[in-house]
Amino acid sequence: MKMFIGGQAVESMDEQTIAVYNSATQELIDTIPCATADDVNRAIMVAQDGKNMWAETPMHARARILLKCADVLEDHLEELARLLSTEMGKIIREARGEVNCAVQILRSYVEKAKHLYGETMTTESQPSCDKDIIFTRREPLGVVACIAPFNYPVELCMHKVAAALSVGNSVIVKPATDNPLTLIRIVELMLLTGVPGNVLQIVTGPGSLVGGILVESEKIDAISFTGSTEVGKAIAKRSAQTLKHIFLELGGNDPFIVFEDADIELAVNECASGRTQNAGQTCCAPKRFLIQNSIKGHFVEMLIGRLKLIKMGSPLEEDTQMGVLISPRSTMEIHKQIEHTLSQGATCAYGGRLIGPTFIEPTVLLDVTPDMDIFKDMEVFGPVFPIVGFDTEEEAIHIANNTSFGLNAGVMTRDMKKAFRVAARMHCGSVVINGSGNYRNIDQPHGGRKLTGLGREGICCTLEEMTQPKAYVLKSILK
């Protein structure tokens with residue numbers, strides 16, 4: 001596949017390429033261009049022309065094109081899902097769900113953008129202005145660089161692209177290098193459907209080069225990034241030189257608290273599904289499991305029984321329940337994290353084996369203590385279940401908040417007063433009551449606190465983030 005700059009499918013200027021592999025089999029699927037600095041800068045210059053033209057395109061015309069894009073993507077759902085499943089290892093049922101969700105996201109942002117209103121302000125509180133009228137209109141930021149993650153590339157990139165395009169920004173997409181093919185195909189389909197080539201582009205290559213140029217360029221007005229906290233910090237630092245808008249959805253080490261009065265069967269199912277979905281490669285998945293000591297033994301026994309039923313296998317087979325990790329590199333990193341936790345005194349009660357280069361068994365770790373790295377700031381991006389017991393509500397809250405992250409949380413209890421009391425004291429962006437924290441509705445303001453990032457993303461708020469208000473003053477109009 002090629003990248004798209006100025007509406008044209010192009011190789012890199014030096015014709016260098018990067019191989020893309022099937023995550024499950026490690027077979028070569030395709031190659032992508034390894035963009036040069038000149039390629040990136042050319043895309044930026046093209047986007048400068050596109051931002052003015054697209055901003056001046058009436059909302060109804062933008063909407064007509066983008067809604068047609070949603071229809072086309074829906075028509076190609078199976079093709080896109082199979083490509084996503086192949087390059088990433090996400091099971092086919094989850095891949096279909098992700099593509100379908102992206103279509104909903106696109107339609108929803110367009111419909112919301114049709115009703116993005118300004119404000120009219122009273123001026124009568126200030127004597128010298130009491131005959132004036134002030135109103136605001138929202139204008140696009142300009143050029144938005146959308147840096148997509150590998151784990152939910154279609155869904156999370158669409159949150160950025162759909163919002164930016166709907167309100168008149170031009171967009172440059174930087175996909176993850178491990179699995180860029182589905183996003184390239186989506187951009188191609190959107191261009192074929194009518195999005196101008198200087199409004200939507202996709203540039204492929206290493207983040208150190210492509211992302212670095214986008215972040216530092218004074219001609220990029222905003223960066224929307226989902227990825228690691230380490231990279232997010234670097235983006236914040238490097239983009240500060242140009243004071244561009246940045247939206248960062250970063251790491252998480254989300255707690256899942258199960259009280260003794262919870263529906264244990266429901267809690268076990270939420271625990272297992274929340275952590276094994278996408279093979280555990282989910283930002284808001286539960287990653288630290290706090291189980292009240294009075295039920296911990298029974299809970300662990302039921303959890304292991306539930307995990308034994310999970311079918312691992314080819315992501316393209318309809319009955320596979322858990323797929324693979326994105327790369328052998330990621331698999332080895334998780335294996336090291338498990339070994340590190342065992343060296344700190346934990347024990348492996350179930351799983352822990354590597355099965356091939358990218359398959360890893362769901363792994364239950366016991367004898368974990370709250371001061372271990374895995375229960376503080378070491379985010380494990382795979383199907384690992386570290387379990388810590390607690391006795392009191394106060395103890396659970398303290399342990400849950402003892403991390404540098406704050407994305408989502410889950411609280412399991414039949415006592416709704418307790419549930420809301422605990423939720424109110426959790427240092428995070430969202431709390432799911434009687435469910436796994438692995439939950440994201442397209443409308444909610446998704447994001448977190450502390451090192452989890454900056455800003456919120458969702459239908460309810462992203463259009464405001466992708467625009468800026470301009471005030472119009474009608475001076476002395478009421479005289």
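# Briefing: salt bridges, helix packing and loops

K2 is partly exposed, because its relative accessibility is 36% (buried means under 20% relative accessible area, exposed over 50%, and partly exposed in between, with a 1.4 Å probe and protein chains only). The model is predicted, so local features need pLDDT of at least 70 and side-chain atom pairs count only at pLDDT 80 or more, while totals for chains, interfaces and linings use all residues. Residues are numbered from 1 along each chain as its sequence is written, and side-chain values use heavy atoms, with hydrogens and water left out.

**Salt bridges**

- Side chains of opposite charge can pair when their charged atoms come close.
- How many salt bridges does the whole structure hold? A search finds 23 of them (a side-chain nitrogen of Lys or Arg within 4 Å of a carboxyl oxygen of Asp or Glu).
- K2 is one partner of a salt bridge with E11, and the closest N and O atoms of this pair are 3.8 Å apart. E11 also counts as partly exposed, because its relative accessibility is 36%.
- K287 and E379 form another salt bridge, with 3.5 Å between their closest N and O atoms. K287 lies in strand β13 (residues 286-292) and E379 in the loop between β17 (363-366) and β18 (384-390), so the pair ties together parts that are 92 residues apart in sequence. Helices (H or I, at least four residues) and strands (E, at least two) are DSSP runs, numbered from the N terminus.
- Is K287 buried or exposed? K287 is buried, at 2% relative accessibility, whereas E379 is partly exposed at 22%.
- R440 and E457 form a salt bridge whose closest N and O atoms are 2.9 Å apart. E457 is in the loop between β21 (453-454) and α14 (462-465), and R440 is in the loop between β20 (430-433) and β21, so this bridge ties together parts that are 17 residues apart in sequence.
- E457 is buried, with a relative accessibility of 8%, and R440 is buried at 18%.
- Which residues are joined by salt bridges that share partners? E78, R82, R96 and E318 make up one such network.

**A nonpolar surface patch**

- L474, I477 and L478 form a nonpolar patch on the surface, and together they have about 260 Å² of accessible area.
- Patches are made of residues with over 30% relative accessible area and no salt bridge, joining like charges within 9 Å and nonpolar side chains (Val, Leu, Ile, Met, Phe, Trp, Tyr) within 5 Å. Areas are by the Shrake-Rupley method with a 1.4 Å probe; for residues, only the protein chains shown count as cover.
- L478 sits in the segment after β22 (467-474). At 49% relative accessibility, L478 is partly exposed.

**Two helices in contact**

- Two packed helices are described by the angle between their axes and the distance between the axes.
- Helix α12 (residues 393-401) and helix α13 (residues 416-425) have axes that come within 10 Å and cross at roughly 35° (axes are lines fitted to C-alpha atoms, for helices over the stretch in contact, with angles from 0 to 180 degrees between N-to-C directions).
- Which residues make the contact? From α12 they are E393, E394, I397 and N401, and from α13 they are K418, R421, V422 and R425 (contact means heavy atoms within 4.5 Å).

**Loop residues and their surroundings**

- G6 is in the loop between β1 (3-5) and β2 (8-10) and is partly exposed, at 34% relative accessibility.
- G6 and N198 are 192 residues apart in sequence, yet their C-alpha atoms are 4.9 Å apart in space.
- Leaving out residues up to four places away in sequence, G6 touches V46, G197 and Q201.
- E260 belongs to the loop between β12 (254-258) and α9 (264-276). Its relative accessible area of 44% makes E260 partly exposed.
- E260 and N179 are 81 residues apart along the chain, and 42 Å separates their C-alpha atoms.
- Again leaving out residues up to four places away in sequence, E260 touches Q292, S294 and I295.

- Most residues other than glycine have a negative phi.
- A279 is not a glycine, but its phi is positive, near 55°. A279 lies in the loop between α9 and β13 and is buried, with a relative accessible area of 1%.
- N434, also not a glycine, has a positive phi of about 60°. N434 is in the loop between β20 and β21 and is partly exposed, with a relative accessible area of 30%.
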